[in-house]
Amino acid sequence: MAVEGLPELVRRLRGAAPGVTGRPAVVAVDGHGGAGKSTLVERLRASVAASGVVHTDDVAWNHACFDWADLLVDNVLRPLRRGEAVEFRPPAWVGHHRPGAIRVPAGADVVWVEGTGVVREDLAPWTDASIRVQGDLDEQRRRLVARDGDSVAQRRHVAGWSAEELPFMLREQPWRKATVVVAGTTGLDHDPADEVVTAPPVAP
């Protein structure tokens, strides 16, 4: 494991896609629920001017746990590849009367696409670099309980999610595909405000 500043991490990610011009670089950020993906993405957004963020949970909301790649490509990644703005109301948002839209303004320098399952084979042609956030699964479960509660309905949701997540992860093996692996839980001393701990990939 090694401590790395956020600017150095961004340089490494940009270096994975040196030919990107006329559009934003698209960086996928994957990891289990509670791994620290959203926290890392917010820090990366703050460190890169003109960053945009897309959460796959918004694309997948009331749609499917993992069967949302086509929605993401057609309505988010394809417009970004053309250098266009994104304004997308997923069908489930319309059907359930959820207000608002998934938006990314034109002219973004980097777009961080964050969510479990975003580092996968059929999205690889649409992303320029990727991060896998990995860590202790027990700690990640504790974080999820602290964030989402531990009701019967929530436990049922988590059980259904896990039943789909395990075979998906075993098939896709995102820890092998990521440009950079970041430790979401680590005892290594660092300043989480502007540093990360990079690590060798480990299968969950």
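Which helix and strands each supply at least two residues of the lining of the second largest pocket? They are helix 2 (37-47), strand 8 (180-183) and strand 9 (195-198); helices (H or I, at least four residues) and strands (E, at least two) are DSSP runs, numbered from the N terminus.

The model on display is predicted: local features need pLDDT of at least 70, side-chain atom pairs count only at pLDDT 80 or more, and totals for chains, interfaces and linings use all residues. Residues are numbered from 1 along each chain as its sequence is written, and side-chain values use heavy atoms, with hydrogens and water left out.

**The pocket**

Select Arg 43, Ala 183, Gly 184, His 190 and Pro 192, which lie nearest the centre of the second largest pocket among its 18 lining residues. A pocket is an open set of points on a 1 Å grid over the protein atoms alone, where a 1.4 Å probe fits, with protein on both sides within 12 Å along at least five of seven lines; lining residues have an atom within 4 Å of a point. The volume of this pocket is about 280 Å³, counted as the space filled by probe spheres set on the points. Its lining comprises 9 nonpolar, 6 polar and 3 charged residues. Here Ala, Val, Leu, Ile, Met, Phe, Trp, Tyr, Cys and Pro count as nonpolar, Asp, Glu, Lys and Arg as charged, and the others, Gly among them, as polar.

**The salt bridges**

The whole structure contains 13 salt bridges, each being a side-chain nitrogen of Lys or Arg within 4 Å of a carboxyl oxygen of Asp or Glu. Asp 128 lies in the loop between strand 6 and strand 7, and Arg 23 in the loop between helix 1 (6-15) and strand 2 (25-31), so the pair ties together parts that are 105 residues apart in sequence. Both Asp 128 and Arg 23 are buried; buried means under 20% relative accessible area, exposed over 50%, and partly exposed in between (1.4 Å probe, protein chains only).

Next, select Glu 4 and Arg 12, a salt bridge with its closest N and O atoms 3.0 Å apart. Glu 4 is buried at 5% relative accessibility, whereas Arg 12 is partly exposed at 38%. Arg 82 and Glu 84 form another bridge, with closest N and O atoms 3.0 Å apart, and Glu 84 is partly exposed at 36% relative accessibility. Then select Glu 121, Arg 171, Glu 172 and Lys 177, which salt bridges with shared partners join into one network.

**The loops**

Most residues other than glycine have a negative phi. Select Ala 50, in the loop between helix 2 and strand 3 (51-55): its phi is positive, near 60 degrees. Ala 50 is partly exposed, at 47% relative accessibility. Asn 62, in the loop between helix 3 (56-60) and helix 4 (69-81), also has a positive phi, near 55 degrees.

Move on to Val 118, in the loop between strand 6 (110-114) and strand 7 (129-134). Is Val 118 buried or exposed? Val 118 is buried, with 2% relative accessibility. Val 118 and Arg 132 are 14 residues apart in sequence, and their C-alpha atoms are 9.7 Å apart in space.
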